[in-house]
Amino acid sequence: MTSAPASASARTVLSSGLTAPKPIFDWFFALAGLSVLAVVVRAIYFTPIEALQGAAQKIYYIHVPSALGAYIAVGITALMSIVYLWLHDERADRLAEASAEVALVFITVVLTTGPIWAHKIWGAWWVWWDMRLTFTLFLWFIVAAYLVLRDGIEDAAMRGRYGAVLAILGALLIPFIHLSVYLFSARLHPMPVVLKPDKPSLPPEMLTTFLLAFVAFTLLCFALIRARYRIAVQRDLVTAFEGDGGSR
Amino acid sequence: MMGAAWLVARKDLAIEFRTRTAFFSALVFAVLALCIFYFAWDESIIAPAQRAPGVLWVVLAFSALLGLQRSFSIEEHDRGIDALLVSPISREAIYLGKAIGNLLFLCAIQLITIPALALFYNLPIGRPLMVVTAIVLLAMIGIVAVGTLFSAMAVNTRLAELLLPMLSLPFFVPILMNAAQATTRVLADRPLAESWPWLKILIAFDLVFVVACTLAFPFTLEE
């Protein structure tokens, strides 16, 4: 590769929102990781054991905040897909891609911790007619399909368009899955105990752990998305330079 | 636009009618699956008539996938899709034409599969079976709307046929759930009003996804 076309392409690349991230220590990620660790320690050693459910209840401090992280990430993917189809901004597409991958991780955590709790409390690993359970499972399938679809396409513009179309259709599908399972629903899922009209019914120590867990997992969610976004930027930079210096 | 769409559909059906390979293989697959499912349960525990709705919808979904796969892969050969794109018809018309072609293709398969189901599972022939056929048509509209779009997307990826089930099946889930629930009630000779909540979701799904997929289709083509 000669230097002249490379620098020219570097300029065009920069104008499309690509800048090489500096290889520094990721402080944000370290902070998020430490706060998750701290919350786990607090949940295990410094939070009282729930009287009815026993130690099994402590899985909540991972399960529910992970669900929040998953919804945030899925929401960002859907939103950025609309932005991408509308403005054709590559940054939106990279953000959608990064969030989808993080969403898959968080949903996997939700789907793993949920049955562990349910086995102890409901007496069954899996309950199909529970709305949130089934719904989360299908969310996992849609996000997985989204990532596999993207993985199967070489051309960046086409990858962005296809991904965005699938993400938007997936967003349209969600109410239908919800409605369908609702008709089945036996409403076995525990009802919200924090976000409800009257005062939260958790004891103060548990509530603090819960809220800290929400903060920690939200931090982790954003830190992961940011780290994954940087990988996408670097991949696109490599592709841009290769396309410039290759056979063409 | 509908005139152009019909031309595209007729072209696809003419190709299919002259070769008949896809139709025959999808049909044999469907009837074969009906037979295999018969032996999957103990006859003395669950009566065949009670299994029929579940079997019908599983077989229907997978035979639909077989039919849909072919929809855009036949255009890849000799780059027929390019000829379609330069022709003076709108991209929405191409999508609708492809979808109508697929719908007729799949309905033709079901027209043989449903009587075969009645035959093998000893279902009463009469009004319930007519209602089931109507539910199948409702469900097929939704399946074809989503499946045609994903078929167009899948052929352009490295994974091609492998990707179509993974993309489509999550979208088939609400259709299959509601259609199977309604079918169970209809075949048990319950009043139609009892199936109405499930049918309402089916109809809403058809409306939303026919419109959404028609609008989304132009984005899946090369600019």
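Start by selecting G123 in chain A: this glycine comes after helix α4(A) and has a positive phi, near 80°. Helices here are DSSP runs of H or I with at least four residues, strands are runs of E with at least two, and both are numbered from the N terminus.

Before you go on, know that this is a predicted model, where local features need pLDDT of at least 70, side-chain atom pairs count only at pLDDT 80 or more, and totals for chains, interfaces and linings use all residues. Residues are numbered from 1 along each chain as its sequence is written, while chains are lettered from A and ligands numbered from 1 in the order in which they are written.

Next, pick residues 90–121 of chain A, which is helix α4.

Now show the whole of chain A. You'll find seven helices and zero strands. Of its 248 residues, 33% count as buried (20 or more other C-beta atoms within 10 Å of a residue's own, with C-beta atoms placed from the backbone).

Last stop: where the chains meet. The contact takes 22 residues from chain A and 23 residues from chain B (two residues are in contact if their C-beta atoms, placed from the backbone, lie within 7 Å). On chain A, select α5 (131–151) and α6 (156–184), which each supply at least two residues of the side touching chain B. The largest share of that side, 13 residues, comes from α6(A).

Technical notes: Expected span 1.5 Å × (residues − 1). Buried ≥ 20, exposed ≤ 12 C-beta atoms within 10 Å, placed from the backbone.
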